[in-house]
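Here's a quick tour for anyone meeting this structure for the first time.

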Amino acid sequence: MNPFGDAGSPRHEESEDSWCPWVRFSSWLECVCVVTFDLELGQAIELVYPQDVKLTEKEKTSICYLSFPDSYSGCLGDTQFSFRLRQSVGRQASRLRDDVYNRDAPVTLQREMAYFFGYVYFRQVKDASVKRGYFQKSLVLVSRLPYIHLFHTLLQIIAPEFFEKQEPCLEAVCNEIDQWPSPIPGQTLNLPVMGVVLQVRIPSKMDKPGGSPIRHAAKESLLPAPTLLPTIHELDLFKCFQSVLIHLQMLWELTLLGEPLLIMAPSPTISSESVLALISSISPLKFCCDFRPYFTIHDSEFKEYTTRTQAPPNIILGVTNPFFIKTFQNWPHIIRLGEIKMAGDLPKQVKVKKLSKLKTLDTKPGIYTAYRTFLHKDKILIKRLLKGIQRKRPSEAQSAILKRHLLELTQSFIIPLERYMASLMPLQRSVTPWKTPPQIRPFSQDEFMSTLENTGPQLTSPLKGDWMGLYRKFFRSPNFDGWYRQRHKEMTQKLESIHLEVICDADLLGWTKDKSEVEIVDLILKLREKLIKARRQQLQVKGGVLQKLDTFINSIIGSLPQDLQTVLNTH
């Protein structure tokens, strides 16, 4: 038995780990890149590990530009930030492994199919031996997984050592990662790297939102004692939002509705953390629009996003170059963040300003928008957070308050939708073995709106305002479309599972007794098709159902004439 489980193995073959190199590594990371500054070429990839990883030229160029802060940031010393880039068309991922992981992971932590995340550790220090007078280099972890906290913690362990010892150190780290068990939702894993053991729990979609994950202690006593990471993906929300606390309601609505949003920040760190904090603010709802935690004018999509001939796309962009303000003047929402300034004990809050006040290069911090929120501010929350600052409440405690508030707000909004969606599911008793399963009823916006009077968000949220208007606008957003498609897919698979279980419980042999060979062959072919589909989609059915149907098919084939048996067995 494979002690690391099957979920990380693309073809579910036990022997694969032994003959397919880097299979465990690739369940965590796509590759590790080292980006340096070349006097003639500018930013250039110095090293990619594993060496047989195939990155397209376009991907390499994007990684080069996104791995260095631009000259406006003036980052000296060590800087960490994140980016996200579109994969080149035609790239093949390991679909089966991704399907198994994505089936069991929360939607917000699923593996990306069309994008890579980049986690960067950039070092810029004075160095007289270099022509420009500075040592500039980035170590970049490229992954499909949004494990922000885990990968940045990993960089803090390996990057300082790498800058001292260079390539041999990187090779050793990659070999260690290739020994890690695959990320399996719901499991607690020990991940050894450079003499440290990180203990992490991979969240599962079965976890209760906002609940404390159950941590399983390792059976063996590990030396060195593991370093427990309380989360693999969460940010310090309070730190990210401290200068916009009084506008949290507006930012939550803009993110929920997938509005085009530009965040202009003083550094790639603030830019990427702000974008990722916004995306997480609507959790457990998945943000289904595009988002770029750090974006530069060299990006291949720059022209696509700056065209004046069509409306701005549904995307959240994090930038540091002031040139973007001039280029994106037609965007409806621009947030200009400065370095955190204190007003007495409290972080100075930015103001909402008219878009006409945008100045090209000397734009003061503020939220430049004409947007009016559908819901009223939660003044009690703001008072509680501001009082927490005055009382020197730790940032983790402030973040926990914020996270709880945003979770309750999102759940109040989404529960009526979930409840209505569940009512569209056919009754279980209407599923019979001899007919195609009944269809899920179509989603009617008007019918849904009529349910809100008795089962709306007002039952769980104290916030007043135009909830109906917010739902109407949400229905036009990619976030609704993404949520609906995901739920519809899950419900269709549930129906398919119920149908298989009902077929399994039926007297199939009895049914075949008075049927013609044509009807029996037709049943065999249909059942085979259902079994193939169930295995391909990793349908969750009661134990033994698929094996029982396999046995039934084989026994029926055995009762047919020899010529038909031969045809069906080769088919």
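Predicted model: local features only at pLDDT ≥ 70, side-chain atom pairs only at ≥ 80, totals over all residues.

Residues are numbered from 1 along each chain as its sequence is written, and side-chain values use heavy atoms, with hydrogens and water left out. Helices (H or I, at least four residues) and strands (E, at least two) are DSSP runs, numbered from the N terminus.

**Salt bridges**

- The structure has 25 salt bridges, each being a side-chain nitrogen of Lys or Arg within 4 Å of a carboxyl oxygen of Asp or Glu.
- One of them pairs the side chains of Glu304 and Arg86, at 3.3 Å from N to O. This pair ties together distant parts of the chain, since Glu304 is in helix H10 (residues 302-306) and Arg86 is in strand S3 (residues 77-86), 218 residues apart.
- Both partners are partly exposed: Glu304 has a relative accessible area of 43%, and Arg86 has one of 31%.
- Glu301 and Arg292 also meet through their side chains, at 2.6 Å from N to O. Here Glu301 is buried, at 5% relative accessible area, and Arg292 is buried too, at 0%.
- Lys526 forms a salt bridge with Asp522, and their closest N and O atoms are 3.3 Å apart. The two residues are about one helical turn from each other, because they sit four residues apart in helix H18 (residues 517-536).
- In that pair, Lys526 is exposed, with a relative accessible area of 51%, while Asp522 is partly exposed at 38%.
- Through shared partners, salt bridges join Arg84, Arg86, Glu112, Asp290, Arg292, Glu301 and Glu304 into one network.

**Helices that pack together**

- Two packed helices are described by the angle between their axes and the distance between the axes. The axes are lines fitted to C-alpha atoms, for helices over the stretch in contact, and the angles run from 0 to 180 degrees between N-to-C directions.
- Helix H13 (residues 395-423) packs on helix H14 (residues 445-455) at about 120 degrees, with the axes 10 Å apart. That angle makes H13 oblique to H14; angles under 35 degrees count as roughly parallel, over 145 as roughly antiparallel, 65 to 115 as roughly perpendicular and the rest as oblique.
- H13 and H14 make a right-handed crossing. A crossing is right-handed if the near helix is turned clockwise from the far one by less than a right angle, and left-handed if anticlockwise.
- Pro416, Leu417, Arg419 and Tyr420 of H13 touch Glu447, Phe448, Thr451, Leu452 and Thr455 of H14, with contact meaning heavy atoms within 4.5 Å.
- The contact of H13 with H14 contains five nonpolar, two polar and two charged residues. Ala, Val, Leu, Ile, Met, Phe, Trp, Tyr, Cys and Pro count as nonpolar, Asp, Glu, Lys and Arg as charged, and the others, Gly among them, as polar.
- Helix H16 (residues 478-505) and helix H19 (residues 545-558) cross at roughly 50 degrees, and their axes come within 10 Å. That makes H16 oblique to H19, and their crossing is left-handed.
- On the H16 side, Leu500, Glu501, Ile503 and Cys504 meet Val545, Leu546, Lys548 and Leu549 of H19. This contact has six nonpolar, no polar and two charged residues.

**Buried spots**

- Helix H8 (residues 248-256) is largely enclosed by the rest of the structure, because nine of its nine residues are buried. Among them are Met250, Trp252 and Glu253.
- Just after H8 comes Gly258, with a positive phi of about 65 degrees.
- His247 sits in the loop between helix H7 (237-241) and H8 and is buried, with a relative accessible area of 8%. Leaving aside residues up to four places away in sequence, His247 touches Val350, Lys351, Val352, Ile367 and Lys377.
- Ser27 is in the loop between helix H2 (23-26) and strand S1 (31-38), and at 1% relative accessible area it is buried. Its C-alpha atom is 8.9 Å from that of Pro181, which is 154 residues away along the chain.

Notes. Buried < 20%, exposed > 50% of the residue type's maximum accessible area, 1.4 Å probe, protein only.
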